[in-house]
Amino acid sequence: MPYSSIFKDHLANPRNVGELADASAVAEETNPVCGDRLRLSLRLRDGRIEAARFLAYGCAPTLACGSALAEMIEGMKIEEALRLTRQDIARALDGLPARKQHAAALAIETLQAAIKAEFRGQNSE
Amino acid sequence: MALRRVYLDHSATTPVDRRVVEAMLPYLTEKFGNASSVHFFGQEARAAVDRARREVASMVGARPNEVVFLSGGTEANNLAIRGVAEASENYGRHIITSEIEHSSVRGICDALEKKGWKITRLPVYDDGIVRIEDVRASVRPDTVLITVMLANNEIGTIQPIAEIGSLVRKEREKGNRHLRFHTDAVQAAGRMHVDVESLGCDMLSLSAHKLYAPKGAGALFLRRGVRLVAQNVGGHQERERRAGTESVAGIVAFGAAARIAGEELDERVAHVRALRNRFEAGVAARIEDVVFNGNRERRLPHLSNISFRYIEGEGLLINLDLQGVAVSTGSACSSGSLEPSPVIRAIGRDDELARGSIRFSFGKDNSVEDVDYVLEVLPRAVANLRRLSPLYQKATQARACESETV
């Protein structure tokens, strides 16, 4: 399998799993092609992502990207988080196979949806 | 401590038996002749190929001259289906097959369909088994071929091949003289008794590497008198039915493996069935929300296909692999397609169950300790993945609500 050891470690020991009880921003996005899902809950305070938790269903890259994303953004400034690209996610996993880039795209979409939901005040789901 | 490795993917391929390796090695070194050569070296190779032909024929109750050696199961299926299609197209262009054939048979039928052939794909209902009434109702005057596998590669269900065989015989007696019957026995051979006479098939595909022989050899049983058009031309090998220098060492290995499989069949079947049953009982006792796929009685003894609700097969496969356990999945992600297993879909499971299906296939060298190790590792891996599944979280919340209202 063309997956890196960091990738496999995220699968075996996913970081930041779960749902924040006091989340201020939540989003759940679905990849319409394969049905993969990523759910992200964030606690945003003073322009920062104070806490981030994820849940994911789908193929291995979707799980690994969710874990890598949640780990990466905790403590990050919101404006910085909004500048993240799917390449950043792929890089954190030591690369993704070409056919699996959509998993990183789903991670970025979910992150942006969550932050937008907070700013629109629609974060109660 | 070294990681324990447990190989539970014998339906994908098997390790080569030591005895088989010993039988084939001389044909790579000192007995290297081309079986078509007239000199001593060639005749030595020819004698070995003929012996292997008798051994393979004997495993399936065929005559030696009814065995065509080729590169493997996929080629056997290609020769059988395309070969008969090309030989029979003046009599009709209709083929009956099932919804759960191996991808090679599926691919060949799809390709013929694009060329204007009519293909009937029989349903397998929720138990994964074709119904003889459906076969009977599908036969038309222009049907020239029925191709239904003996046992399925993903869920192991055994198809009513002998019944179809006798139906075909009756159809021929009624005047449908050009109707032929092929069965893909790649998964079945070595795991159940296979006899071309009692099955009543005209053609039967075999692969060496599912029988503890190396990859690269296979055979098509081709009943005497059945005409087909060779798909490999340009040489006289295999009585003009498959041109190309025989892979002598591979064929010798196939022969030895077939002979040993015949001798040890009962023992192997009892061994893998006991392991498989112990495994399934353990899974049922330790893991909630699992679905066993395929008829539990009429299936190969070495195979178990289980869908784990709320999770996807690829993540589970990788988690198990990290703990030394090798399995395979019907999940689309690992196969490179977008659609999850057509076999699991054909038995009426939803997408989620198809994506969460894992095939465990046992072999003669697995032990009770292997099973117990997997039973220790698997529930943990499933629980870990469920912990991060939004589907699982929703389901458990819903259950909690239900129990509160009761």
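**Figure 1. Y310(B), a buried residue in a loop.** Y310(B) is buried because 20 other C-beta atoms lie within 10 Å; a residue counts as buried if 20 or more other C-beta atoms lie within 10 Å of its own, exposed if 12 or fewer, and partly exposed in between, with C-beta atoms placed from the backbone. Y310(B) sits in the loop between β10 and α9 of chain B. Although Y310(B) is not a glycine, its phi is positive, about 75°. Helices (H or I, at least four residues) and strands (E, at least two) are DSSP runs, numbered from the N terminus.

A word on the model before we move on. The model is predicted: local features need pLDDT of at least 70 and side-chain atom pairs count only at pLDDT 80 or more, while totals for chains, interfaces and linings use all residues. Residues are numbered from 1 along each chain as its sequence is written, and chains are lettered from A and ligands numbered from 1 in the order in which they are written.

**Figure 2. D94(A), an exposed residue with positive phi.** Here we turn to chain A, where D94(A) lies in the loop between α4 (86-92) and α5 (101-120). Phi of D94(A) is near 60°, a positive value in a residue other than glycine. D94(A) counts as exposed because 11 other C-beta atoms lie within 10 Å.

**Figure 3. Helices α2(B) and α8(B) crossing.** Two packed helices are described by the angle between their axes and the distance between the axes. Helix α2 (residues 40-60) of chain B and α8(B) have axes that come within 8 Å and cross at roughly 35°. These axes are lines fitted to C-alpha atoms, for helices over the stretch in contact, and angles run from 0 to 180 degrees between N-to-C directions. The crossing of α2(B) and α8(B) is left-handed (the near helix is turned anticlockwise from the far one by less than a right angle; clockwise would be right-handed). Residues making the contact include A45(B), A48(B), V49(B) and A52(B) of α2(B), and I251(B), F254(B), G255(B) and A258(B) of α8(B); two residues are in contact if their C-beta atoms, placed from the backbone, lie within 7 Å. By class, this contact has 12 nonpolar, three polar and three charged residues. Ala, Val, Leu, Ile, Met, Phe, Trp, Tyr, Cys and Pro count as nonpolar, Asp, Glu, Lys and Arg as charged, and the others, Gly among them, as polar.

Figure 4. Chain B is divided into domain 1 (6-12 + 264-389) and domain 2 (18-261), with bounds from an automatic or database domain assignment. Taken over C-alpha atoms, the centres of domain 1 and domain 2 of chain B are 28 Å apart. Domain 1 of chain B brings 21 residues to the contact and domain 2 of chain B brings 22. On the domain 1 side, α8 (248-286), β10 (303-308) and α11 (342-346) of chain B each supply at least two residues. The largest share of that side, three residues, comes from α8(B). The domain 1 side divides into eight nonpolar, nine polar and four charged residues.

**Figure 5. The side of chain B that touches chain A.** In this contact, 18 residues of chain B meet 22 residues of chain A. On the chain B side, α9 (313-322), α10 (332-335) and α14 (390-405) each supply at least two residues. α9(B) gives the most, with five residues. This side of chain B divides into eight nonpolar, six polar and four charged residues.
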